[in-house]
Amino acid sequence: MSPRMLNRREVAQRLDISIEMAARHEIPDAVSEADVAALEQDPPAWLAQSRANRKKGGRPVWATLTCDVCGDSETVRPKKWWPQFTHVICDEHPTSAAPAPAAGTVRSTFDGVGSRFIGFVDAAL
Ligand SMILES: [Zn+2]
């Protein structure tokens, strides 16, 4: 059995870098699990630098959206306009399927999150 290969997008997600950065540093489009683990264990200078910069509180490169109704998830590049979502659900569910907002909070709804999600932000009144 051949080892599972990760494509460049998957490698970028694992290393918490953009696909553009992975391409610039010649990450190939098929990398074995062992090679990704080696990059994580012993990062080259550019990767170590990127990680150091990230720790200073930059925005995350990747966000995982997970539906609070069915558990489907999608890993995407977060958008600048995204608030911190309290809940995310697939847009195929009725909004009433989302967990009810906590008492004393008011809910805002955001369509078009990722490719197929709706986001909710429950903020204190
Ligand atoms: Zn769902």
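User: Into which domains is the chain divided, and what distance separates their centres?

Analyst: This is a predicted model, and its domain assignment gives domain 1, covering 5-55, and domain 2, covering 63-124. When the centres of domain 1 and domain 2 are taken over C-alpha atoms, the distance that separates them is 29 Å.

User: Which residues of helix 1 are buried, and what is the arc within which they fall?

Analyst: Helix 1 spans residues 8-15, and its buried residues are Val11, Ala12 and Leu15. Seen down the axis of helix 1, these buried residues line one face of the helix, because they fall within an arc of 100°.

User: Which elements do the buried residues of helix 1 pack against?

Analyst: The partners include both strands and helices: strand 1 (5-6) and strand 2 (31-32) are among them, and so are helix 2 (19-24) and helix 3 (33-41).

User: Where is aspartate 16 placed, and what is its phi?

Analyst: Aspartate 16 follows helix 1 and is placed in the loop between helix 1 and helix 2. Aspartate 16 counts as partly exposed because it has 15 C-beta neighbours inside 10 Å. Although aspartate 16 is not a glycine, its phi is positive, at about 60°.

User: Is glutamate 26 buried or exposed?

Analyst: Glutamate 26 lies in the loop between helix 2 and strand 2, and its phi takes a positive value near 60° in a residue other than glycine. To judge burial we count neighbours, and since a residue with 12 or fewer other C-beta atoms within 10 Å is classed as exposed, the count of 6 for glutamate 26 makes it exposed.

User: What distance separates the C-alpha atoms of glutamate 20 and arginine 9?

Analyst: Glutamate 20 is found in helix 2, and it counts as exposed because it has 9 C-beta neighbours inside 10 Å. Glutamate 20 and arginine 9 are eleven residues apart along the chain, and the separation of their C-alpha atoms is 9.5 Å.

User: Which residue takes a positive phi in the hairpin of strand 3 and strand 4?

Analyst: Strand 3 (residues 63-66) and strand 4 (residues 73-76) pair in the antiparallel sense over four bridges, and in this pairing threonine 64 stands opposite threonine 75 of strand 4. Six residues lie between the strands of the hairpin, and the one with a positive phi, near 85°, is glycine 71.

User: What is the order of the strands in the open sheet, and which strands stand at its edges?

Analyst: The open sheet has three strands in the order 5-7-6, and their pairing is antiparallel. Each edge strand has a single partner strand, so one side of each is left without a neighbour in the sheet. From one strand to the next, the twist averages 25°. The order is thus 5-7-6, and the edge strands are strand 5 and strand 6 (105-113).

User: How many bridges join strand 6 to strand 7?

Analyst: Two facing positions illustrate the pairing: valine 106 stands opposite alanine 123 in strand 7, and the bridge partner of threonine 109 is phenylalanine 120. In the hairpin of these strands, which has three residues between them, glycine 114 takes a positive phi near 60°. Strand 6 and strand 7 run antiparallel, and the number of bridges that join them is seven.

How values were computed
Residues numbered from 1 in each chain as written. Predicted model: local features only at pLDDT ≥ 70, side-chain atom pairs only at ≥ 80, totals over all residues. Pairing = 2+ DSSP bridges. Axes fitted to C-alpha atoms, helices over the stretch in contact; angles between N-to-C directions. Buried ≥ 20, exposed ≤ 12 C-beta atoms within 10 Å, placed from the backbone. Arc of directions from axis to C-beta. Contact = placed C-beta atoms within 7 Å. Domains from an automatic or database assignment.
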